[in-house]
Amino acid sequence: MNKALERLAPAVKRARFFAPVPKLFTMTVPFQGTDPFFPFDRFLVFMFCPCMVTINTTYDGGLRCSATHGPSGKSLITDAPVDNHGKGESFSPTDLVATAVATCMMTVMGITAERHGIDLKGTTAAIGKEMSSDTPRRIVALRSVMTIPLAADHPQRPLLEAAAKACPVKQSLDPGIDTSVEFRWVG
């Protein structure tokens, strides 16, 4: 079993582009039954990368879920939107996708800005989420307007805009989703 894991480690390391995976942690748990395509007879093997974050979710009923962020223990709830049989009393799962895009763009811009000694405090983003009118129900557009409290002729403007556009959340979305961004430099 360990030899199979050793063969997987180089592929996992190649898949990581931010930093090499220093070590894979493994855990075996009893596995009920056998599968002809699964080479291990009685144990499932779980590999944990130190960079992986676990979020535990629970369906609470009434089209509401709760989620807990593993590392911090912080929790949030989601609620189905009114236009999809819910109460709309909290973020919907697709609202969180939109939120993730906006906050990721600002976070990545912030990382880049800090490296160059630029203060982006006060930067805001408004993002509009558009859902499909046909089935399957899905996000078709996440258009945003980002307002940056710096002069339009700031020398690092191209770098900061490129950082925002390259955020990992945007890069993880289907390319058919319109994720256009309008930057407003107002300093």
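The second largest pocket of this predicted model has a volume of about 240 Å³. A pocket is here an open set of points on a 1 Å grid over the protein atoms alone, with protein on both sides within 12 Å along at least five of seven lines, and lining residues have an atom within 4 Å of a point. The volume is the space filled by probe spheres set on the points, with grid points joined across faces, edges and corners. The lining comprises 14 residues, of which Ile55, Ala67, Thr68, Leu76 and Leu96 are the closest to the centre of the pocket. Strands S3, S4 and S5 and helix H2 (93-115) each supply at least two residues of this lining. Strand S4 gives the most, with five residues. Helices (H or I, at least four residues) and strands (E, at least two) are DSSP runs, numbered from the N terminus.

Residues are numbered from 1 along each chain as its sequence is written, and side-chain values use heavy atoms, with hydrogens and water left out. Because the model is predicted, local features need pLDDT of at least 70 and side-chain atom pairs count only at pLDDT 80 or more, whereas totals for chains, interfaces and linings use all residues.

The protein chain has four helices and eight strands, which follow the pattern α-β-β-β-β-β-α-β-β-α-α-β along the sequence. Of its 187 residues, 24% count as buried, where buried means under 20% relative accessible area, exposed over 50%, and partly exposed in between (1.4 Å probe, protein chains only). Among contacts with a separation of 6 or more, 47% are between residues 24 or more positions apart; contact means heavy atoms within 4.5 Å.

Strands S3, S4 and S5 form an open sheet in the order S3-S4-S5, with antiparallel pairing. Two strands are taken to pair if DSSP finds at least two bridges between them. Strand S3 (55-61) and strand S5 (75-79) are the edge strands, each pairing on one side only. The twist averages 20° from one strand to the next, with axes as lines fitted to C-alpha atoms and angles running from 0 to 180 degrees between N-to-C directions. Six bridges join S3 to the antiparallel strand S4 (residues 64-69). Thr57 stands opposite Ala67 in S4, and the bridge partner of Gly61 in S4 is Arg64. The hairpin of S3 and S4 has two residues between the strands, and Gly62 takes a positive phi near 60° there. Leu63, in the loop between S3 and S4, has a phi near 65°, a positive value in a residue other than glycine. Leu63 is partly exposed, with a relative accessible area of 38%. Most residues other than glycine have a negative phi, and most peptide bonds are trans.

Asp79 lies in strand S5 and counts as buried because its relative accessibility is 0%. The side chains of Asp79 and Arg64 are joined by a polar contact of 3.3 Å. A polar contact is a pair of N or O atoms within 3.5 Å; within protein, one must be able to donate a hydrogen and the other to accept it, and residues adjacent in sequence count only if both atoms are side-chain atoms. Beyond the neighbours within four places in sequence, the contacts of Asp79 include Gly62, Leu63, Lys87 and Pro93. His85, in the loop between S5 and H2, is not a glycine but has a positive phi of about 75°. His85 is exposed, with a relative accessible area of 71%.

A further open sheet of three strands has the order S6-S7-S8 and mixed pairing. Its edge strands are strand S6 (124-131) and S8, each of which pairs on one side only. In this sheet the twist averages 10° from one strand to the next. S6 and strand S7 (residues 139-148) pair in the antiparallel sense over eight bridges; the bridge partner of Lys129 in S7 is Leu142. Pro136 is placed in the loop between S6 and S7, and the peptide bond from Thr135 to Pro136 is cis, with omega near 0°.

Asp178 is located in the loop between helix H4 (168-172) and strand S8 (181-185). Its relative accessibility of 27% makes Asp178 partly exposed. Leaving aside neighbours within four places in sequence, Asp178 is in contact with Val140, Ala141, Leu142 and Arg143. The C-alpha atoms of Asp178 and Val140 are separated by 6.4 Å, although the two residues are 38 residues apart along the chain. A polar atom of the Asp178 side chain lies 3.0 Å from the backbone nitrogen of Ser180.

How values were computed:
1 Å grid on protein atoms, 1.4 Å probe; cavity = no way out; pocket = protein on both sides within 12 Å on 5 of 7 lines; lining within 4 Å.
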